[in-house]
Every structure is written in structure tokens, then in C-alpha cells.
Amino acid sequence: MNLFVRRVLGLDRRCLTLFCRIVFVCVLFGAIGLANCSLVADETVSYNRDIRPILAEHCFACHGPDNAAREADLRLDQRDSALENGAIIAGNSDDSELIARLYSDDPDVVMPPPATKKLLSDEDKKLLQRWIDQGANYESHWAFTAPIKAPLPAVADASWAKQPFDQFVLAVLESKGLTPAPEADARTLFRRIHLDITGLPPEPADIVAFVADYEQSHDGALSQWIDRLMARESWGEHRARYWLDAARYGDTHGMHFDNYREMWPYRDWVIRAFNSNQPYDQFVIEQLAGDLLPNPSTDQLVATGFQRCNITTNEGGTIEEENLALYSADRVQTFGWVFLGLTTNCAQCHDHKFDPLTTKDYYALAAYFRNTTQPGLDGNVKDGRAATVMLPNAEDLPRWEALPKEIESTKAQRDARRTTARQDYESWLAGLSNDALSASVSNEGLVFQALMNEGNGTTIATQSKPQFTVEPTGDLEWSANGKFGPSLVFRN
């Protein structure tokens, strides 16, 4: 997905691998930092960062999105409900029922109830008070919040940073009293970028070449070799591995006999998409609806293999209609996980309790993703018994593409000849004579040839002899009044 991260953030593709590592480090150290430090007294309390975890752990089980388990008709996961019930009075923690319940000594009043064995620490209680005093602002889930570009943090050794995001890493390191590790030697560095970009260890000859280039120019050699590695087919193969995992790709049906199925063209399309640096929006469109595009190309049809990666079955005891419903549910779920980062499958049974998805939304998606020609049983065959696309080998492709036009042209010639053939035939027939016909036919090895146009009784005119007389047995004779005119008659 590095390709798509770059598309969103506008980063140069040469620094993607380093970017992903640093983001991971930032998240890791950020999480450690949050876990081990308290908020400064005058710092603004964040609902998502500081408050939601507390409420989710101690309160949402009884006062959250689950209407079947909800107590006192109070939802603390929604600001309007919390304010309406007086549990929270924004800007006034002293009069807020939530705080009063947290500090109560009455076991019948205190929250959370003692029976839950969930006790809030004094620090958590103070954090909730500060949050209410600051206005009790709720925030939507981070996934639905547009990112805001943060200012670069101040660092002691600004010269260490080569990219702006390096300062975020360095700021965390310095806050922990740590210093960056020394730069790796050329061989170690090349092995790292080679594994990150291609997923393969480098060839010895490439190591020698990189070391030589690196000694001449550190940054120049690194930049050039990253471009070279990303130009290799193995770059797309390595990136595709991660995408194919998300797309639940498999070369077998996945259930019952789990026989082979021919899904590799979709795999190869994904690899080509990465290697050609295909824009992410087109990458998504072609997989979700490539067949619905105007005049779709073969590649766009193959891209919809994303929809056919779901497991299938041919078990005779299953109900085909049920199988089709399961296949559709799989597509809705995968679409939500992969493209939306949402658990759309939760809305299969009820409106989603956390995300803005209703059951109606779910089944609208299911209707869309069920609009295929796939049967309920796969037949245990490689093509799944559904509509398939014929794909020639690369060496046969030019001829494959030329054939349709040639066939169309030949059919046009055939149809045109049909309109003139009768006239040409009748003209030829009108000028035909026995002599002309005999002259056009080879007589080599000829034993007997009846002219078929003269004779009398058992006397037949021939070319091998002037006349041929048949024994008077009646097996063969010339009839002047045959069914279709004068002719030879063979009798048993």
C-alpha cells in the first residue's frame, strides 16, 4: 500500500519505505509516551485520546450503543444524550451527575457499580472532571476526522533530520533521553532497502555496485538505487502480496474439495497495477466495477476478479440460494474492511453501534455485490462455472487481437459473394458443353465414362468406346423417361 500512501500524501516514491518505518516508530513511541505520562494541568483534554478509553472501559457496557443492555436510558457515547439526562453539564463538573456518582460512597449510587469490579483511578476521575470543565467536547472517531497538518516539533539536533517527519521521531527520542543510532554501513543499508522494496535479499554483484556508488555519493546512490529497485517487477510482486492478502486471494475454491481455480490473472493484474504506478482511484474503480465501465478493456474485466476471490463450495448438501447470500455477504464485508476500514458486516443484523452504517445500507450493498452471474455451486472446476474471460498468452496476443477484424472482413466478403454467385453460376452453366466439360476433366486412368445423355435400352454411349452394350439382364439400361429426364437406371 506504499504506492497509495504516496498518492494521498504526495510524497516522492523514493522515500516511501523510510516513511513507513518512521511512521511506525512515531506511533510506537507516541503510544508509549501516552501510556507513561500524565497530562499537564493546563493541557486541553482530548475526548478520543483521553476520555473515550475511560468511558469505553467503565461505562459503555451499560450506557453505550447497545440498546438491549442500556440502563436508565442514558448514553454516554453521545453528547446530546449525556447532556439531556444531566449526567454531564458542560463547563460544570461540580453539578454533573456523572462526577457525583464517581465520588459517591453509597454502593447503590456509585458508578461503576461495585459488582462490575471496575474501579476508576483518582487520575481518571480528575481527567473526567477537567474534560467536563473544559466544555465536555466530544470528537468523532479519528477515522472520520480529516487529518490536520501538525507543526514540526522543536528538537535539539535539527541537523539530524533529513525529512520533515524525521523531527517527529527525533522529538520522541529526545523526550526519552535517547539519541539516534549511528547510520548503518553501506552493505547493511542496501540489504534493508532491497528487502523493503523487493522482499528479496540483494545479489552479491548489486551489493558491490551499490557500495561503490555509495562511496562516491551517499544520497545520490541511495536515490538512484531505490529507483532501480522500484523499476523491477519484484517491486510489484512484493507490494501485491499485501494487497492480495486483503483481497482474500486464493488459487483454490477454499471449501469442500478445495480444488484448483484459475485466479492467477487477477494476481498478475495487481502486480502490473503496482509496477505501472496506477492511480489509487483507478485501482479501486476497476476492481469494484471494471465491467461496468464504458467499453471495458480486458484488463478492467480481469480487475473485477477482486469480487471473485471469495471462497466457494460445491457441496451437494448446501442450498444454492444460501450460498449466494454468503458470497454476497463476503463481498460486502471485504469491501468495508479493505476500502472503508469499517466493519460493514456488523450491520448485517442491526444498525451499526459505532459506525454510521444502517442495516439498510448493508443490504443495499449486498444487492449491488450480488448482481453477478456466479452460481451457488462452483462445480469443483477451475473456472467456477461462471462467466469467464479468455486470456491469450503474451506471444499470442497480437494474433488474438488481429483475428476479430480478419474474421469480420472475411464474413463481409462471403456475404458479398453470395449476392453475385448465382448470376456467375448461371452464366457458366449456360455456356457449358460436354466437350468443354470433358476437356476440363483429366482422363488419366479412365476405364469407363458414360455420357449420360444418349443411348437406347441396353446400348449406352461412352467415351471409352463408341457404344457400350449391356447384357440383357436388366441391371443397367438407358431410360429416356427417367424421373428427372433421360438417365442411366441401375436395377437390383
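Modeller: Helices here are DSSP runs of H or I with at least four residues, numbered from the N terminus. This is a predicted model, in which local features need pLDDT of at least 70, side-chain atom pairs count only at pLDDT 80 or more, and totals for chains, interfaces and linings use all residues. Residues are numbered from 1 along each chain as its sequence is written, and side-chain values use heavy atoms, with hydrogens and water left out.

Colleague: What span is expected for helix α16, and how far does the helix reach?

Modeller: The expected span of a helix is 1.5 Å times one less than its number of residues. Helix α16 (residues 320-340), with 21 residues, reaches 29 Å from its first C-alpha to its last, close to the 30 Å expected, and just after α16 comes Gly341, with a positive phi of about 65°.

Colleague: Which residues of α16 are buried, and which helices do they pack against?

Modeller: Buried means under 20% relative accessible area, exposed over 50%, and partly exposed in between, with a 1.4 Å probe and protein chains only. In α16 the buried residues include Tyr327, Phe335 and Phe339, and the buried residues of α16 pack against α12, α14 (280-289) and α17 (359-369), where contact means heavy atoms within 4.5 Å.

Colleague: How are two packed helices described?

Modeller: The description uses the angle between their axes and the distance between the axes. Helix α3 (residues 47-58) and helix α7 (residues 122-133) pack at about 125°, with axes 11 Å apart, the axes being lines fitted to C-alpha atoms over the stretch in contact and the angles running from 0 to 180 degrees between N-to-C directions. The contact involves residues including Tyr47 and Ile51 of α3 and Leu127 and Trp131 of α7.

Methods. Helices (H or I, at least four residues) and strands (E, at least two) are DSSP runs, numbered from the N terminus.
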